[in-house]
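Here's a quick tour of charged pairs and helix packing. Have a look at the sequence and the fold, then read on.

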Amino acid sequence: MFSQEDMWARKFWYRFTVITMFFSAGIIPWYLTMRSLHLTNNFLAYVLPVIVSPFFIILVKTFVESTPKELQQAASIDGAGVMTIFFRIMLPICKPILATVAIFAAVDQWNSFQDTLLLVTDSNLYSLQFILYNYINQASSLSTMVNLQNAGSTAMSSLSTKQTTTSIRMTVTIIVVAPILLIYPIFQRFFVKGIMIGAVKG
């Protein structure tokens with residue numbers, strides 16, 4: 001939409017969207033807003049706040065502006081409507097930048113932690129990062145208990161050296177990073193092309 005020159009007040013709305021990247025009300029107003037929208041203990045708390053990102057808008061707008069405008073003009077002359085041009089011409093061309101946006105969004109949601117910490121108390125809605133954070137805390141507590149109680153016990157002493165906080169932290173790190181490492185090579189060629197084209201113009 002922002003790439004169309006005939007859009008009403010295009011520059012104003014584009015700048016109005018981009019300026020939200022630089023200013024934030026803070027955690028407390030954000031929490032009060034989310035609570036007033038009944039997004040506490042709600043799966044939509046992971047979706048609605050990030051459904052529109054100014055950063056992704058900038059990337060996609062720049063990519064679309066780098067495509068030949070003659071494609072849209074030729075389709076319009078042939079009688080294609082706005083939706084036809086969008087779905088049958090622009091979307092196939094935008095695959096690289098859409099793959100780039102998908103990677104960024106997936107990694108961001110995969111690392112989601114703060115929204116779970118502040119908004120969710122239902123264990124069924126915990127994100128993986130929050131669950132692993134709890135595991136690390138539990139491991140630290142168990143390690144401390146073992147070290148305090150293993151005064152003369154050889155078995156307990158052996159347990160405290162085999163299952164350390166560091167070993168559990170490294171295991172958690174592998175669990176967190178492995179899926180991204182497996183998925184990234186699939187999108188790599190789209191990612192490189194999309195991020196380069198989307199970052200050249202401003």
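## Salt bridges

In this predicted model, you'll find two salt bridges. One of them pairs R10 with E65, and their closest N and O atoms sit 3.7 Å apart. R10 belongs to helix α1 (residues 10-18) while E65 belongs to helix α3 (residues 54-66), so this pair ties together parts that are 55 residues apart in sequence.

E65 also forms a salt bridge with K61, where the closest N and O atoms are 2.8 Å apart. These two stay inside helix α3: E65 and K61 are four residues apart, which puts about one helical turn between them.

## Where α5 meets α6

The axes of helix α5 (residues 82-93) and helix α6 (residues 95-110) come within 5 Å and cross at roughly 65°.

Which residues make the contact? On the α5 side they are L91, P92 and I93, and on the α6 side K95, P96 and L98. Sorted by type, the residues of this contact come out as five nonpolar, one charged and no polar.

Technical notes:
Residues numbered from 1 in each chain as written. Predicted model: local features only at pLDDT ≥ 70, side-chain atom pairs only at ≥ 80, totals over all residues. Heavy atoms only, no water. Salt bridge = Lys/Arg side-chain N within 4 Å of Asp/Glu carboxyl O. Axes fitted to C-alpha atoms, helices over the stretch in contact; angles between N-to-C directions. Contact = heavy atoms within 4.5 Å. Nonpolar A, V, L, I, M, F, W, Y, C, P; charged D, E, K, R; others polar.
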